[in-house]
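Visitor: I would like to go through this model with you, one point at a time. Could you give the cut-offs along with each answer?

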Amino acid sequence: MASSSAADPSLQTEAPHAAVTKERKLNPDLQEQLTKPYLARAMAAVDPDHPKGTEGRDPRGMSVLQQHVAFFDRNGDGIVYPWETFQGMRAIGCGFFTSLVFSFLINLVISYPTQPGWLPSLLLSIHVKNIHKGKHGSDSETYDTEGRFDPSKFDAIFSKYGHTHPNALTKDELNLMLKGNRNMYDFLGWIAAAGEWHLLYSVAKDKDGLLHRETVRGLFDASLFERLQDSKKSS
């Protein structure tokens, strides 16, 4: 792939007069590592090490984004209330105060876009079936606007920002990614992305302060949440 890219300018991923394209590299070999990496997967979070998604996982007919949110639907009725978000956050190891604040803010922001009608929910309910309507900007775009998982966007998180380790992010690299993903004037998106990723880092970094690729992949389909929950139960 590298040789063909050099021979064909239309395949180049770096522009000499756009330094940012050299700083934030793409993986030119991804298509050789994963079948159709440009194809967003509706129900599986795939990468070269998991071409069929998380082994043994039943998507239950839900999109990857719906699977992510459904972890917090503690009674399985398709609706997530703030107290369920709180319970889910506590289940993955978040502190009481952090869970309390985040559960209120998450439901406050996402509730209305996911409602089946025009009226808001006084209980700040989130409807899992409509969660794609609650997707914010200034993110990695690994979820597309319909809630599918885009393998090329996921891979770009690490090819662009994993400078110290190819399959992990340091805290500084995480902050660079957040800054690089910002859309102009999207202040709500900036805050939401920073809150999500720093919360993930706080509960899922390793002993060396690294956020690993497999950890992040598990975030998208909620398999990480299930592992953290099981680990907390067994400790």
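Visitor: In which loop is Arg60 found, and is Arg60 buried or exposed?
Guide: This is a predicted model, in which local features need pLDDT of at least 70, side-chain atom pairs count only at pLDDT 80 or more, and totals for chains, interfaces and linings use all residues. Residues are numbered from 1 along each chain as its sequence is written, and side-chain values use heavy atoms, with hydrogens and water left out. Arg60 is found in the loop between helix H3 (30-33) and H4, where helices (H or I, at least four residues) and strands (E, at least two) are DSSP runs numbered from the N terminus. Buried means under 20% relative accessible area, exposed over 50% and partly exposed in between, with a 1.4 Å probe and protein chains only, so Arg60, with a relative accessible area of 54%, is exposed.

Visitor: What is the phi of Glu141 near?
Guide: Most residues other than glycine have a negative phi. Glu141, in the loop between E2 and H7, is partly exposed at 39% relative accessibility. Its phi is positive although Glu141 is not a glycine, with a value near 65°.

Visitor: Which residues lie nearest the centre of the largest pocket?
Guide: A pocket is defined on a 1 Å grid over the protein atoms alone, as an open set of points where a 1.4 Å probe fits, with protein on both sides within 12 Å along at least five of seven lines, and lining residues have an atom within 4 Å of a point. The volume, taken as the space filled by probe spheres set on points joined across faces, edges and corners, is about 1,100 Å³ for the largest pocket. Of the 42 residues that line this pocket, those nearest its centre are Ile106, Ile110, His136, Ala192 and Glu196.

Visitor: Which helix gives the most to the lining of the largest pocket?
Guide: Several helices each supply at least two residues of this lining, among them helix H5 (82-91), helix H6 (96-110) and helix H9 (187-204). The lining divides into 27 nonpolar, ten polar and five charged residues, where Ala, Val, Leu, Ile, Met, Phe, Trp, Tyr, Cys and Pro count as nonpolar, Asp, Glu, Lys and Arg as charged, and the others, Gly among them, as polar. With ten residues, the helix that gives the most is H9.

Visitor: Which residues have the most contacts inside the largest nonpolar core?
Guide: A nonpolar core is a set of buried Ala, Val, Leu, Ile, Met, Phe, Trp, Tyr and Cys residues joined through side-chain atoms within 4.5 Å. The largest one has 41 residues, and those with the most contacts inside it are Ile157, Trp197, Leu200, Val216 and Phe220.

Visitor: How many of the nine residues of H10 are buried?
Guide: Among the buried residues of H10 are Arg213, Arg217 and Asp221, as well as Val216 and Phe220. The buried residues pack against elements including H4, H9 and H11, with contact meaning heavy atoms within 4.5 Å. H10 is largely enclosed by the rest of the structure, because the number of its nine residues that are buried is eight.

Visitor: How far apart are the end C-alpha atoms of residues 91-112?
Guide: The unreviewed UniProt entry places the feature "transmembrane region" at residues 91-112. Over residues 91-112 the chain is 73% helix and 0% strand, and the separation of the end C-alpha atoms is 25 Å.

Methods: UniProt positions renumbered as here; feature names shortened; annotations may be inferred.
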